[in-house]
Amino acid sequence: MNLGFDRKALAVAAVVVLGIGALVALSLQSQSQLRHDVAELDHVGEIQAQTQRIYITLLDLETSQRGYLLTQEAEYLGPYQAGLERLHAEAERLSALVAGQPEEGADLARLRGLIDEKLAELAQTIAVAQTRDVGAALAVIRQGQGKAVMDEIRTVLAHMQSSEAQAHELRDAARIASIDRAKRYIALLATAMALLLLTLAVLVRRDKTLRAQQRQADQAARQELERRVAERTSDLEAALHALALGKARLQGIFDSAADAILTANAQQIIVAANESAATLFRCAHADLIGASLERLIPVRFHEAHRRDVEAFGSGDDRARHMGRTKQVVGLRADGEEFPLEASISHLETGGERLYTVILHDVTQRRQDEATLRESKTQLEAALASMSDAVFISDTEGRFVNFNKAFATFHRFKDKASCARTLAEYPAILEVFLANGEQAPLEEWVVPRALRGESAVNAEFTLRRRDTGESWIGAYNYAPIPGEDGSIVGAVVTARDVTAIKRVQAELAASHTTLQHLLANQHRIQEEERKRIARELHDDLQQSLAAIRMDAVAVGERIASGRGDAPALLARIDRLSAAAIASTRRIVSDLRPEMLEDLGLLAALEAMCAQHTERTGAACRLELLPGASDAQLGTAALSAGLYRIAQEALNNVAKHAQATVVTIRLGCSHDGLVMLRIDDNGVGVNLQDQRHLGSFGLRGMAERARALGGQLRIHGAADTGTSVEVLVPTLVPATASGPMAAQPDWALHNLGGPVAPVPGAGLPRPPDELGQPLQSVIDALAGQVCVLDERGEILMVNRAWRQFAARNGDPDLRSCGPGVNYLDVCRRSAETDHSTAPILQGLNEVLDGRQSVFSTIYPCDTPESKLWFRMHVASVTGGLAIVSHVDLGSHVEPDGNDSNETGLHGRASKSALR
Amino acid sequence: MKLVLVDDSVAVQRSFGGLLELVPRVELIGCAEDVAGARSLIDASDPDLIVLDLELRHGEHGMDVLRHVTQQHPRTKVIVLSNFTGQRYRDELLAAGALECFDKSSQFLLARDWIAQRAALAMEPAAQGSARPS
């Protein structure tokens with residue numbers, strides 16, 4: 001198309017050029033014609049002007065002749081003479097002008113004749129005039145020849161002029177026709193040109209459109225091309241970049257890799273190796289390159305290695321690890337063999353097969369693994385020996401370690417049946433907070449510890465979903481910090497404190513009762529005082545006042561001589577006697593002297609007699625076997641029993657309407673005293689709780705409890721009431737009473753009575769208990785140490801070290817590993833007697849007589865009194881774990897260790913840690 | 001001057017009454033041991049003077065008698081003869097309308113003297129009163 005257009009356009013353009021050439025030629029021809037015409041026209045004009053000039057010159061000659069003829073003056077002949085010359089010149093010029101024009105030649109010749117004729121006439125006349133006279137001259141003229149010549153000349157000139165004009169006109173017409181032709185040709189040509197140009201224009205336009213389309217298409221194509229190019233370029237760049245990066249990385253990895261990297265060819269010749277490889281095999285880098293791989297393998301493995309290589313080369317595996325399942329052994333340049341782990345890959349490049357081997361020295365790892373296995377065994381042994389449930393959770397809640405006590409604590413049959421992930425436990429257990437609300441899983445101790453919280457003696461109630469059994473666990477928990485400080489797990493210890501809690505609850509209840517008893521005793525005392533005061537007022541004071549008044553009256557009467565003084569004196573005597581009786585009664589009530597003087601039996605007999613006297617009911621005392629004052633022990637016991645009997649009889653007197661009352665007293669050989677008061681009255685309604693208070697029953701019961709005994713009341717509407725008291729007589733010589741002794745028991749033997757544990761003869765565990773036990777005790781918030789059977793400290797935890805550092809013993813010289821803890825306690829006991837029980841408990845655990853010893857002891861600081869719990873537990877092999885836990889003023893979990901800070905520096909028992 | 005003795009101790013009633021026997025123009029017209037007895041006696045007899053103990057029978061208190069007298073018998077005078085003689089107690093009794101307070105064990109003679117003086121001062125109206133037919 002392009003070419004077609006070019007040809008067409010070229011043809012058209014050629015035609016146009018030709019046309020234009022023709023046009024130019026035509027135009028040039030026309031122009032030259034025109035120029036010729038103009039020249040011809042000038043020629044014609046010149047001929048005409050010349051003829052005219054000749055005529056005028058002739059006229060001038062004639063005029064000059066005539067003027068001369070008229071005037072005779074010579075001066076008029078001047079123009080004639082000048083005119084003659086000029087006329088000749090002009091005639092010559094005209095001849096030249098008409099030369100070549102035959103039609104003019106005739107005229108010219110005639111003209112010349114005529115001019116000559118005229119000139120001749122003129123010259124004749126003038127000559128006549130000059131020589132003869134004017135008249136003659138004139139006569140000549142009158143002959144008219146001159147005139148005729150002149151007319152003839154005029155005619156010739158006119159003819160010449162007209163013929164010239166005519167010839168010109170003829171030529172002109174031919175020229176016009178020629179020009180018209182030319183014009184037509186030009187018009188034709190111009191039209192043709194215009195058409196051609198139009199065609200060309202159309203062609204050009206079409207071509208332009210086509211070209212534009214073409215251009216657009218080209219541009220689109222170019223853009224597409226450019227895009228593709230750019231795309232490929234960028235891909236290429238990325239690829240190149242990646243390649244460069246990969247290469248750089250590879251190089252970097254290769255160079256800086258801790259693992260040794262070797263590349264060998266198919267002939268097992270090392271072609272590349274990194275520095276680590278040289279280091280690993282203890283040879284110069286240069287020595288590796290070019291060496292055979294077999295040089296790095298002990299000889300006895302060469303054959304196996306070759307087989308492996310062949311098998312690998314033919315197999316599909318592009319990369320595989322060696323040594324994962326079997327030991328791969330390397331050989332160092334110095335001959336040492338070592339375990340290694342290798343991964344190998346092969347690559348075909350340009351027909352050559354290359355093997356790349358990455359080698360990792362696993363000597364350390366295998367050692368670590370061995371150590372870890374050993375430590376784990378030790379840890380498990382240590383955990384197994386602990387009576388508290390101990391378990392270690394990883395960050396995912398998997399229980400990586402737990403002991404047998406863990407199974408017992410959670411009511412599993414044995415260790416094997418324990419659930420091993422926290423996630424399984426919500427289906428097994430329900431956990432309740434201290435306030436009784438069910439704890440969501442995130443409030444359980446493992447998630448707490450994994451969040452970084454720690455606590456000591458945090459109590460939760462657990463309940464098995466299957467059996468419904470419920471128990472209380474006291475938990476210690478703490479996160480296990482990793483080397484970088486992040487939490488890598490949690491260690492939790494738990495103890496079933498249900499029994500302890502029950503004892504504590506009973507103790508608390510007992511304490512409350514004691515408070516009531518004391519309050520009641522106080523009330524009783526106050527009431528007694530009031531009663532005594534009233535009696536003193538009612539009886540003694542009034543009697544004495546009256547006696548004084550009477551004495552004054554007697555005096556006045558004697559002074560005035562009145563005779564009624566003896567009557568007054570008799571009254572004074574009566575009043576005095578009454579006052580003495582009152583005093584005795586009051587004193588007797590305050591202190592039953594019969595009880596003191598004659599003993600309980602006599603006092604009770606007297607009480608019976610008084611009751612009979614007061615109420616009329618038959619009241620008697622019945623002594624059961626063994627009842628004697630000697631058996632009744634202390635005065636406090638007698639007094640207590642006396643008061644109970646007194647109160648019971650008061651009740652009978654006030655409410656029972658009884659007719660028979662019996663008091664029975666007996667002593668059993670195992671040291672129990674029984675006092676029993678029976679009546680046959682209306683009986684007491686024990687369902688009516690108000691009776692318990694209103695009848696003084698509570699007071700009696702409290703008195704019985706104060707004696708360490710019990711009071712029982714039986715009542716029925718028809719059989720009356722019986723009140724029975726059972727109290728022990730024998731009281732341990734070392735303590736003031738059962739109530740006083742109980743706190744000691746509760747605090748020192750929290751684990752309950754424990755049978756002696758055989759274990760003194762067991763072999764000692766390895767001195768090194770291993771890092772896991774260390775990290776476990778480090779994770780505990782309290783200060784913990786591990787003792788051997790002689791009491792020597794084997795290891796201490798972080799809190800212990802921190803405490804020691806705070807107390808000026810950062811090197812643990814006075815109380816750290818190597819120091820005998822019993823000696824420390826002995827030294828402390830010399831100055832602080834309250835340490836003695838601790839020393840004893842510690843000895844008992846170390847001797848195997850107790851498995852657990854626990855005590856709570858106070859530390860006085862200038863600010864406050866703080867409490868600590870010391871816990872000693874025996875571990876297999878005669879070891880013992882001692883922990884000191886700061887109880888502060890409460891035992892709630894608080895999630896931090898702040899309760900430890902700054903307390904013990906001034907604590908009296910700080911020497912124990 | 002008609003006098004009423006309010007005291008829970010019969011011995012004291014008798015002994016103090018014996019002391020008043022020798023005082024001229026004083027007539028002991030009755031004794032009471034508790035508040036109710038005192039009120040009915042006073043209402044019935046409209047005495048000139050009451051000698052009042054504070055601790056009465058059944059744990060009752062003499063202040064109740066004093067209030068009754070000041071409200072119902074404004075003419076009747078009251079003196080306290082009691083074993084309670086603290087200054088604060090005294091001030092309270094005086095504020096409540098008692099004219100004097102005497103200690104029963106040590107000031108009974110002062111009380112008798114006060115009564116005797118009062119009786120002497122009241123001689124004229126008492127004479128007029130006694131002149132009236134009754």
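Modeller: Keep in mind that this is a predicted model. Let us start with one side chain: the backbone oxygen of A:D388 sits 3.0 Å from a polar atom of the A:N403 side chain.

Biologist: Which backbone nitrogen lies 3.0 Å from a polar atom of the side chain of A:N403?

Modeller: That nitrogen belongs to A:F406. So the A:N403 side chain has polar atoms within 3.5 Å of a backbone oxygen, that of A:D388, and of a backbone nitrogen, that of A:F406.

Biologist: Where is A:N403 found in chain A?

Modeller: Look at the loop between strand 8 (399-402) and helix 10 (404-409) of chain A.

Biologist: Is A:N403 buried or exposed?

Modeller: Here the idea is to compare relative accessible area with a cut-off, and buried means under 20%. A:N403 has a relative accessible area of 1%, so it is buried.

Biologist: Which residues does A:N403 touch, not counting those up to four places away in sequence?

Modeller: Its contacts are A:L383, A:A384, A:M386, A:D388, A:A389, A:V390 and A:K415. Take A:A384 from that list: you will find it in helix 9 (residues 363-385) of chain A. With a relative accessibility of 48%, A:A384 is classed as partly exposed. Its C-alpha atom is 7.3 Å from that of A:A405, although 21 residues separate the two along the chain.

Biologist: And how would you summarise chain A as a whole?

Modeller: Chain A contains 23 helices and 22 strands. Of its 913 residues, 41% are buried. For contacts in chain A between residues at least 6 apart in sequence, 57% join residues at least 24 apart.

Biologist: Now to helix packing. What describes two packed helices?

Modeller: The general idea is to give the angle between their axes and the distance between the axes. In chain B, the axes of helix 2 (residues 35-45) and helix 3 (residues 62-72) come within 9 Å and cross at roughly 25°. Helix 2 of chain B is therefore roughly parallel to helix 3 of chain B. The crossing of these two helices is right-handed.

Biologist: Which residues make the contact between helix 2 and helix 3 of chain B?

Modeller: Helix 2 of chain B contributes B:V35, B:A38, B:R39, B:I42 and B:D43, while helix 3 of chain B brings B:D64, B:V65, B:H68 and B:V69. Sorted by class, this contact has five nonpolar, one polar and three charged residues.

Note on methods. Residues are numbered from 1 along each chain as its sequence is written. Chains are lettered from A and ligands numbered from 1 in the order in which they are written. This is a predicted model: local features need pLDDT of at least 70, side-chain atom pairs count only at pLDDT 80 or more; totals for chains, interfaces and linings use all residues. Side-chain values use heavy atoms; hydrogens and water are left out. Helices (H or I, at least four residues) and strands (E, at least two) are DSSP runs, numbered from the N terminus. Buried means under 20% relative accessible area, exposed over 50%, partly exposed in between (1.4 Å probe, protein chains only). A polar contact is a pair of N or O atoms within 3.5 Å; within protein, one must be able to donate a hydrogen and the other to accept it, and residues adjacent in sequence count only if both atoms are side-chain atoms. Contact means heavy atoms within 4.5 Å. Axes are lines fitted to C-alpha atoms, for helices over the stretch in contact, and angles run from 0 to 180 degrees between N-to-C directions. Angles under 35 degrees count as roughly parallel, over 145 as roughly antiparallel, 65 to 115 as roughly perpendicular and the rest as oblique. A crossing is left-handed if the near helix is turned anticlockwise from the far one by less than a right angle, and right-handed if clockwise. Ala, Val, Leu, Ile, Met, Phe, Trp, Tyr, Cys and Pro count as nonpolar, Asp, Glu, Lys and Arg as charged, and the others, Gly among them, as polar.
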